[in-house]
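Let's take a friendly look at the aromatic rings in this protein. Have the sequence and the 3D view ready as you read.

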Amino acid sequence: MLQVLSSIWALLVGIVLIMLGNGMHFTLIGLRGGMEGFSATELAVVTSGYFVGFLSGAKYTPSLIHKVGHVRVFAALGSFMSAGLVAFPLLADPIAWTALRLLVGFCMSGIYVTAESWLNDASTNETRGKVLSAYMIAQTLGIIGAQYLLTLGDAKTSVLFIGASILVSISFAPILLTASRTPATELTQPMPLKALFLGSPLGTVGMMLLGSAYATQSGMGAVYGSLIGMSKSEIALFVAMLFTGALFFQYPIGWLSDRIDRRQIIFGASAIGAASSFLGWTTGGGLWPLMISAFLVGGITTPLYALLLAHTNDFLKSEEMPAASGGLVFTFGIGAILGPLVTGWAMEQASPIAFWLVLTVTFAMIAAYALYRMTQRSAVPASQTDSYIGVVPTTSPVATEAASVWAAEQSEEDPR
């Protein structure tokens, strides 16, 4: 593993710095938006803007790279993103923030596509699994670390936005100074939703619902904390707990999914997510019960993403997996756009505690549909399933496709 890390350390350092800046900005939107008097609905629209941009970036970045090259696209998107982060405190208006979030989402998605292309090119068939795992861990640690950085400044001023911009700006240095080769960035055309649904109904429906849950957590978590009167440090800890759980649950859930019917794991994980969200709903705002709920809910969400991807691949031919991966990323993105809008509306109409109610219902729907699907189709024997790899929701189609191909190759070489 050390040999693998020595060949990609600069890329990983750059990714951690990018995630520090992006993670700061995600939480800052909820913090500063509350201070500016934005409503929950307005902040929900702002949050959804990011995921609109993210989907657009995943679609159009490859064509941009073909026209002008990796380095120019990477540098240009980084510059626009850095400028966008600085502009937030200067343009305290929901419409302006929505436009900026769309810009940042587009740039972030394009940065992922470019960086993941270099990362994929730097790995071999033997090391790809370890490289992808290290990349996922680096992303998660960056988001968690960003929450600590938020406690070092005043959200009422521009200093934290400037800090996020600086982190994003300097993150490109280690990547651009070491990534000299020009990797391929061919992305398979996403599978049409109808074909994807026919191949894996649970994967398609579950991924859309999970996109809603993930965007609600990552985008509206800070809004919820602000509305119930949490301090800045408490909000930062709350968001950090949403992502810390993923580090603890990813491996055991993945280990189980390679040995028993993945639909059972999807059902069980979703049921835990629903129960944990219900706990958050009934705690009455107690700090540590909320932290426990956040740890469990966030810890379940990330492994569920990889589970649904692996489950979908179990019912497809190897040559169909890249297209299915692209389709699932698109489906997840649609859910991520809609989720915050529903949550923001519910919080506005009822109370901030509706944040947990929406999550409870969403996870319960995934669990119920998984239970239903178990009655409609026989399970694929564990010996015939593809290997699980812990892909996180923040990756682009490049890493998702690479993970799917690696999982299929790994299963062929080492059948269980």
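## Some ground rules

A residue is called buried under 20% relative accessible area, exposed over 50%, and partly exposed in between (1.4 Å probe, protein chains only). This is a predicted model, where local features need pLDDT of at least 70 and side-chain atom pairs count only at pLDDT 80 or more, while totals for chains, interfaces and linings use all residues. Residues are numbered from 1 along each chain as its sequence is written, and side-chain values use heavy atoms, leaving out hydrogens and water.

## Rings that pair

How many aromatic pairs does a search of the whole structure find? There are 22. Rings of Phe, Tyr and Trp (its six-membered ring) pair if their centres lie within 6.5 Å; planes under 30 degrees apart are stacked, over 60 edge-to-face, and the rest tilted.

Take Phe278 and Trp281: their ring centres are 5.5 Å apart and their planes meet at 80°, so this pair is edge-to-face. Phe278 is partly exposed at 42% relative accessible area, and Trp281 is partly exposed at 34%. Elsewhere, ring pairs join Phe26, Tyr50, Phe51, Phe54 and Tyr112 into a cluster.

## Charges over rings

A charge sits over a ring if NZ of Lys or CZ of Arg is within 6 Å of the ring centre and within 35 degrees of the ring normal. Arg101 lies over the face of Phe26, 4.4 Å from the ring centre. Likewise, the charged end of Lys59 sits over the ring of Tyr60, at 5.7 Å from its centre.

## A buried ring

Is Phe238 buried or exposed? Phe238 has 0% relative accessibility, so it counts as buried. Its contacts (heavy atoms within 4.5 Å) beyond four places in sequence include Tyr224, Leu290 and Trp356.
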